[in-house]
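Here is a short briefing on a sheet and a charged surface patch. View the structure first, then read on.

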Amino acid sequence: MDAEAGLDAPSQVPATERPVPMADPGLVKRWHSTGGELVELLSQVREGVGGVAGVRLGAGLTVLVTDPQAVQHVLARHPEQYVKRSHRARLLIGDGVMAATGEAWKRQRRLLQSQFTGTGMRRYEQRIIDAARTTAGRWEAYVRTGETFDVGQEMHRFALDAIWRSLTGHPLDDETAHELEAVTAVGAAIPSLPADTDKARDSVADDLARIDAIAARAIGAARSGAAGPDGPGLVHILVDAAAEHPEYTDQLIRDELITLLAAGHETTATTLTWLYLLLDRHPDAREQALAAGDEGSEQRRQAVQALVHETLRLYPSAWLLPRHAAEDDTLAGYTVEAGTDILVCPYLTHRDPELWPDPEHFDPRRFLTPGGRPTHPGAYLPFGIGPRACLGLQFALRESTILLEHLLPAHTVTFSSTPTKTKYGITVRPDGPTPATLGAARA
């Protein structure tokens with residue numbers, strides 16, 4: 001019998017006690033047999049069942065949440081009931097703020113919050129500009145030589161430079177960049193590592209040792225009072241915090257440093273890479289953004305930010321947000337029992353045709369035109385929403401905008417080839433290289 005058939009006549013069951021509608025078990029079996037991406041299964045579950053849908057991925061029940069009101073209920077209104085049980089990247093980031101829970105998370109979040117809003121962001125603005133200028137200088141060299149380069153690698157280098165300057169006060173040099181490749185390597189490996197923690201750690205032991213060594217050097221330099229040429233960085237603030245908060249041991253400072261480093265460059269680099277791939281297919285979008293206003297004008301800045309926002313709609317930094325129901329609850333009129341796994345999926349919410357007309361089409365005007373996008377906070381959440389939303393939202397938007405203000409007017413990018421597949425891991429990223437050359441600007 002169809003799993004939803006009984007839901008059409010709940011005459012004797014109060015609305016607040018309805019069971020979560022279930023996906024067809026055959027759908028899950030077919031997915032397992034084909035070895036497809038999880039996002040393919042979740043997309044079919046949402047299309048077949050709706051914005052709150054149950055699916056059995058293992059022994060227990062998992063509830064997929066894509067409806068905006070239900071998303072807000074889980075992430076923003078009741079975060080104490082829908083909790084993070086663990087973080088896939090704990091092997092890399094330890095007890096950093098992304099993985100922390102409870103009172104420890106609250107303390108860590110309070111300390112870091114001020115660094116990514118207001119005065120804190122102004123402190124890092126010039127460092128981001130300097131990183132963008134360094135990237136622009138490399139691109140000028142590519143124009144002169146006609147050299148083919150990888151756009152994804154360039155975006156990775158820029159984002160790593162921007163966050164490294166902000167963390168340590170030092171520009172990113174080649175040796176440090178080489179050592180920090182270990183962060184990317186471990187992050188990329190995490191989805192396929194063994195479930196056993198010890199075996200997983202052994203699999204990436206050499207890279208973890210490199211990461212620990214470079215973190216130790218940065219922490220040691222901050223403890224000695226030495227500031228980089230750009231002045232003290234966020235690591236200095238973490239080291240100073242140890243005077244009042246003894247829980248800030250070198251291990252926790254290392255975990256926060258690597259958390260900020262990993263989260264602060266990988267998502268931005270991926271977003272910028274996707275943006276250039278989208279502009280390759282939609283060159284008019286670049287020209288429209290540049291025509292919105294003069295260099296440095298608010299109109300152009302808003303148009304450039306719209307490019308970033310529309311890219312994040314299609315490829316959100318946090319494409320899947322796992323939660324765990326800590327107690328019984330009623331979600332969108334359905335009963336959710338304690339112990340249920342929850343999957344909030346911004347990737348699917350952002351592609352819901354009832355929320356976003358023609359959702360697969362890249363159209364930055366959605367974020368410039370009144371009424372062009374849904375206003376419900378749960379409808380657009382590339383960095384999550386609620387108290388556990390990404391700390392670096394403003395930092396990521398600012399560095400993306402600054403870099404594009406430097407590069408878009410000066411260069412057009414011509415790709416030699418583009419990836420044909422998408423990889424859904426900790427982030428959603430192009431699955432392949434992005435070789436390109438630069439041409440003279442057309443606008």
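Strands β5 and β13 run antiparallel and are joined by 2 bridges. Strands are DSSP E runs of at least two residues, numbered from the N terminus; two strands pair if DSSP finds at least two bridges between them. This is a predicted model, where local features need pLDDT of at least 70, side-chain atom pairs count only at pLDDT 80 or more, and totals for chains, interfaces and linings use all residues. Residues are numbered from 1 along each chain as its sequence is written, and side-chain values use heavy atoms, without hydrogens and water.

**The sheet**
- D150 sits opposite P435 of β13.
- β13 (residues 435–440) also pairs with β10, antiparallel, over 5 bridges.
- H411 has A440 in β13 as its bridge partner.

**Burial of β10**
- In β10 (residues 411–415), 4 of the 5 residues are buried, so the strand is largely enclosed by the rest of the structure.
- Buried means under 20% relative accessible area, exposed over 50%, and partly exposed in between (1.4 Å probe, protein chains only).

**The negative patch**
- E80, E327, D328 and E337 form a negative surface patch.
- Patch residues have over 30% relative accessible area and no salt bridge, with like charges joined within 9 Å; a salt bridge puts a side-chain nitrogen of Lys or Arg within 4 Å of a carboxyl oxygen of Asp or Glu.
- E337 lies in the loop between β8 (334–336) and β9 (341–344).
- E337 is exposed, at 53% relative accessible area.

Notes
Patches are made of residues with over 30% relative accessible area and no salt bridge: like charges are joined within 9 Å, nonpolar side chains (Val, Leu, Ile, Met, Phe, Trp, Tyr) within 5 Å. Accessible areas come from the Shrake-Rupley method with a 1.4 Å probe; for residues, only the protein chains shown count as cover. Lys and Arg count as positive and Asp and Glu as negative; His and the chain ends are not counted. The place of a charge is taken as NZ of Lys, CZ of Arg, CG of Asp or CD of Glu.
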